[in-house]
Amino acid sequence: MDKISIIIVTLNVEKYLQACLDSIAKQKYSNIEVIVMDGLSSDKTLDIIKHNHHIISQWQSEKDKGIYDAMNKSLKLITGDWVYFLGADDTLRADFSIIATKLKSQNSIYYGSVLREGIKYYGYANNYKFAKNAICHQAIIYPSSVFKKYNFNERYKISADFVLNMWCWKDKNYRWLF
């Protein structure tokens with residue numbers, strides 16, 4: 001059973017983090033490591049992180065230069081075969097465990113749809129759709145090898161994930177599977 005590294009980047013998310021962590025704890029797929037990279041929260045986020053030491057494999061709290069800097073720092077801590085970025089204000093559905101059992105090819109980047117305010121968002125992407133619209137990072141599970149080759153370009157403050165995905169989309173060593 002391959003290990004999935006779930007990365008959660010946090011900053012003052014006490015309102016959401018416990019529900020996010022609870023959704024991970026409820027997964028039937030058990031080979032999950034949770035990495036939390038906190039940007040020096042000043043609310044009760046760190047208390048929640050410490051309280052959930054049984055779920056969280058590793059965590060750090062330090063100043064960062066933004067979400068993509070925090071994501072890049074987190075990637076240095078992973079030990080999993082697969083990488084999944086989860087927003088602290090998001091929750092995993094039970095279906096995540098079913099999807100986890102279907103991850104087979106280390107040359108594939110798996111993606112799907114997400115529910116946004118109860119509505120299914122995105123779906124299958126052809127070249128045109130992919131170039132026009134970013135896939136939510138919560139809809140993508142990457143083989144960890146992607147991050148041996150690429151990282152988030154922090155020059156892009158709000159679209160570094162889109163840029164990363166464009167590099168991966170054109171990389172002949174990877175295929176995208178819906």
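Because the model is predicted, local features are given only where pLDDT is at least 70 and side-chain atom pairs count only at pLDDT 80 or more, whereas totals for chains, interfaces and linings use all residues. Residues are numbered from 1 along each chain as its sequence is written, and side-chain values use heavy atoms, with hydrogens and water left out.

## The two pockets

Rolling a probe the size of a water molecule over the atoms shows where empty space is left. Here a pocket is an open set of points, on a 1 Å grid over the protein atoms alone, where a 1.4 Å probe fits and where protein lies on both sides within 12 Å along at least five of seven lines; its lining residues have an atom within 4 Å of a point. Grid points are joined across faces, edges and corners, and a volume is the space filled by probe spheres set on the points. For the classes in the table, Ala, Val, Leu, Ile, Met, Phe, Trp, Tyr, Cys and Pro count as nonpolar, Asp, Glu, Lys and Arg as charged, and the others, Gly among them, as polar.

| Pocket | Volume | Classes of lining residues |
|---|---|---|
| Second largest pocket | about 300 Å³ | nine nonpolar, five polar and three charged residues |

The largest pocket is lined by 26 residues, and those nearest its centre are Ile99, Ser113, Val114, Gln138 and Ala139. Two or more lining residues come from each of α4 (95-101), β5, β6 (114-116) and β8 (140-143); such helices (H or I, at least four residues) and strands (E, at least two) are DSSP runs, numbered from the N terminus.

The second largest pocket has a volume of about 300 Å³, and of the 17 residues that line it, Val9, Thr10, Ile67, Gly87 and Ala88 are the closest to its centre. The elements that give two or more residues to this lining are β1 (4-10) and α3 (67-75), with β1 providing the largest share, three residues.

Not counting residues up to four places away in sequence, Val114 touches Ile119, Lys120, Tyr121, Cys136, Gln138 and Ala139, where contact means heavy atoms within 4.5 Å.

Ser108 lies in strand β5 (residues 108-111) and is buried, its relative accessible area being 0%. Beyond four places in sequence, Ser108 touches Trp82, Pro143, Arg175 and Leu177. The side chains of Ser108 and Arg175 also make a polar contact (3.1 Å); this term stands for a pair of N or O atoms within 3.5 Å, of which, within protein, one must be able to donate a hydrogen and the other to accept it, and residues adjacent in sequence count only if both atoms are side-chain atoms.

In soluble globular proteins, nonpolar side chains tend to be buried together. A nonpolar core is a set of buried Ala, Val, Leu, Ile, Met, Phe, Trp, Tyr and Cys residues joined through side-chain atoms within 4.5 Å. The largest one has 32 residues, among which Phe85, Phe147 and Phe152 touch the most other members. At least two of its residues come from each of β1, β2 (32-38), α3, β4 (82-85), β5, β8, α6 (146-149) and α7 (160-170), and α3 gives the most, with four residues. Leaving aside neighbours within four places in sequence, Phe85 is in contact with residues including Ile7, Met71, Leu75, Phe147 and Phe152. A second, separate core of 26 residues includes Ile8, Ile24, Ile32 and Leu103.

The helix α3 is mostly covered, since eight of its nine residues are buried, and these pack against β1, β2, β4, α6 and α7. In α7, the buried residues are Ala160, Asp161, Val163, Leu164, Asn165 and Cys168, and what covers them includes α3, β5, α5 (127-132), β8, α6 and β9 (175-177).

## Two loop residues

Asn12 lies in the loop between β1 and α1 (17-25) and, at 36% relative accessibility, counts as partly exposed. Its phi is near 50°, a positive value in a residue other than glycine.

How values were computed. Buried means under 20% relative accessible area, exposed over 50%, partly exposed in between (1.4 Å probe, protein chains only).
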